[in-house]
Each structure stands twice: as structure tokens, then as C-alpha cells.
Amino acid sequence: LQAQQRHAAMSAFDSKSDMEKLSHINSLPYKEQAIWFLNSFWSQGPKFGEDAAAREDVWTFHKTSVQLDKSKGEAGNELNEFDAHRLIEKCDSALTVQKMRQVLKEIDVDFNKMVSLSEFMIYKFGVDWHLLVNAPQGCDMGAINEAQAGLDNANKMLQVAISASEKAKDDHAASKLAEEKSKEEEVNSARAAEDSKRAEIVLAEAKEQAEGALKELQEQEDAFKKKLDDLEATGNDDSLGVVKRNKAKAELAMAKAEDPMPLRMAKIHQEAAVRKVTKATVKAGAATAAAETAAKLAIEARIASEKAAVEASAAAKAAEAAIPDAEKAFADAEAILEEVKAKNSGSGEGNLWYIDRELEEAKRYLPKSKFAAAQAAAAAAKQQAASPMK
């Protein structure tokens, strides 16, 4: 059924005028235009079948057009004059601005003020566009589709491997950061614990000094009270002379009027000691709280570090597991492609070359550590696929 539909489509295409055929080709996505061009001139004109560098140019023109087509990318088919100007600059830098403007007019074969990839390559390779639109494209599309499906599967498995590899890298980096954070929090916790110990020592010293100051104050107050009691007793002792009693009363009055220097100093020392204890108590409390918080953060950081390490290990295992699957998918795709090439020699060469080129391009992104193994597996698969046909 598909073959009948394709035959009907080609019959309808063949009945069109050359300009209509060109318009149809120009409407194809960049990749399909490139393949059509390769098929058309595989053995005539540029003879792409014999010129690897020219085939690579077609690939470059395709990818450059996609890069310049910001709105549609791979789904695009033609460039506006500005982007076509940039395409010519990138791929033919020897042209002057004036010549470039002339070339743009010449390239636009269908005069729609847009430049398709086909039109650009008609100019670049100097081919007759009538040959392009009328060149046979016949090939076994079932086999081509099978090879394309192999490529698509390889790309899918590649993306799985790349995603797993990227996740492994990210998780490894996260694990390292978590480990560094854990060490940092442990250092902070140890420092906070030391600060807390020092604050406790300062508090203990302040309390000791406060106790000494209180004791000194008590002693001075006791001495002062004894002095007052003695003077009062002397002043009231009728057995003593009037002069001695009056002197004692005068000294008593003076003593009551103002604290003596030792007592005043003792009060000052005691008040200072109380303030120091209060301040040290606040600092010790803050240091203890900080130490507790730091210890908690250190524990949390250690747990997070251990969890991150487990996740990184799991991600690394997943990445390792994904690589052989991707390698096998590439090996299978290459084996299918080699078989299709052997069966379809002389037709659809552009299609097959493009699949092969995309396969090679995708292989560049296989994880490097396993790339040699992927190449060896692909070579073995190719040899196995080709051997029954010799």
C-alpha cells in the first residue's frame, strides 16, 4: 500500500512543470532538500558519490541554514534575504557585498524573495536546476525507513545515556558540595563549642570574682558596723569622761554621714562584679545556643552529605547501565544501515549517506569513557551484517 501511494505521489509529481517541481522541493525541510540534492547528483554533476568533501559541504549548508533559521530551525525550508546573505557570508566569504546582492537575485530561482537550501546549492555547485527536479529519487523506502528507525532508536538511547551521564555529573557535584558543606558545618560546630566553653570559663571567673567582691563588701560592712557600734558604746559609757564620750559621739556622727573609703571601694567592686556576671551570663547563653544550633546544622549537613553520596552513586550506576544500551543501539543501527546499503546499491544513496552521517554525528556524544567500546561493537556488527552477502 505504501509503495502504491508513493508511486501515485511520484506520478503526480512527474506531471508538474519544472518550476512547480522546484517549488515543491523548495517547500521540503532543509534535511529533505539536502537528501534530494545528494540523490540527484550522486553520480552526475558534482558526483557526490566520489567526493566526500562535497558531501560534507552539503551537510554544513544544511546545518548552517538550520542555525540561521531562528523561527523554524530544522522544520524550516528557506531563508529570508538577510539570513541568506549571512549564509553566503559563512559559506562563500570571498564574495564582495555587491556581488553577493547579485548572487542573491540569481539564486532565487522561483522569485519569491526567499532562498531555499536547494536554490543556494544550485548556485554553489553550479548545477542545472532542471536536472535537480527531474532526477530520479527511486529507492526502497521500506529499507530506508528501517535504517532511519535504527538511527532514531540509537538517538533515543543516546539521549537516555547522556541524561544519565549528566545526572551522574550533577549528583557527583552536588555530593561534593554537600560533603564540603558538612565539613564546613563541623568546623563551625567545633568553633561554636569552643566559644561556648570559653564563655562558660569567663562566666565562672566572673561569678568567682563576684563572690569575692561580695565577701569583701560583707567584711567591710561588718567592720563598719562594728566601728559604729563601738563608737556608740563609747559615747554612751557613763564610766568614761565627758571629753572621750563626746569625741566618740562626734566620730559616730561623721561615720554615719559618709561611708569610709574601703566600704565605698568594696561596693564599687561588687557592683562591677555583678555587671560582669550579667554580661558573661548573656554571652554564655548565646554561645551555648549557637553551639547547639551549629551542632544541629552539622548533623543535618552530614545526613545531607551521606544522602547526596548515595544518590551520586546510584546515578553513576544508572549512567554506566545506560551506556551499553546506547552502544548496542548504535551497533544495531549501523548493522541495519550496512545491510540496507548492500541491498540498495545505486539507489537512494543520498538517504543512506545522510543516515550514516547522522549516526556518526550522534556517536560523538556518546560518553567518552565508552566510545572505543562503541566503535568496536559497531565494527563487529558491520562485519557480521556484511559477511553473509559476500
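pLDDT is the predictor's confidence in each residue, on a scale from 0 to 100, and the exercises below apply this score to a predicted model.

**Exercise 1.** Determine what mean pLDDT the protein chain has, and which of its elements has the lowest mean value.

*Solution.* Begin with the chain as a whole, for which the mean pLDDT is 79, with 84% of the residues reaching 70 or more. Next, turn to the elements, among which helix α4 (residues 52–68) has the highest mean, 96, whereas helix α13 (residues 371–386) has the lowest, 42. Then consider residues 370–390, over which the pLDDT is below 50, although this stretch has 19 contacts in the model beyond near neighbours in sequence. Where pLDDT is low, the predicted coordinates should not be read in detail.

**Exercise 2.** Work out how many helices and strands the protein chain has, and what share of its residues counts as buried.

*Solution.* The secondary structure consists of 13 helices and 2 strands. Of the 390 residues in the protein chain, 38% are buried. As for the surface, its accessible area is about 22400 Å², and carbon and sulfur atoms contribute 55% of that area.

Conventions:
Residues numbered from 1 in each chain as written. Predicted model: local features only at pLDDT ≥ 70, side-chain atom pairs only at ≥ 80, totals over all residues. Heavy atoms only, no water. Helix = DSSP H or I, 4+ residues; strand = E, 2+ residues; numbered from the N terminus. Contact = heavy atoms within 4.5 Å. Buried < 20%, exposed > 50% of the residue type's maximum accessible area, 1.4 Å probe, protein only. Areas by Shrake-Rupley, 256 points an atom, 1.4 Å probe, with all protein chains shown as cover.
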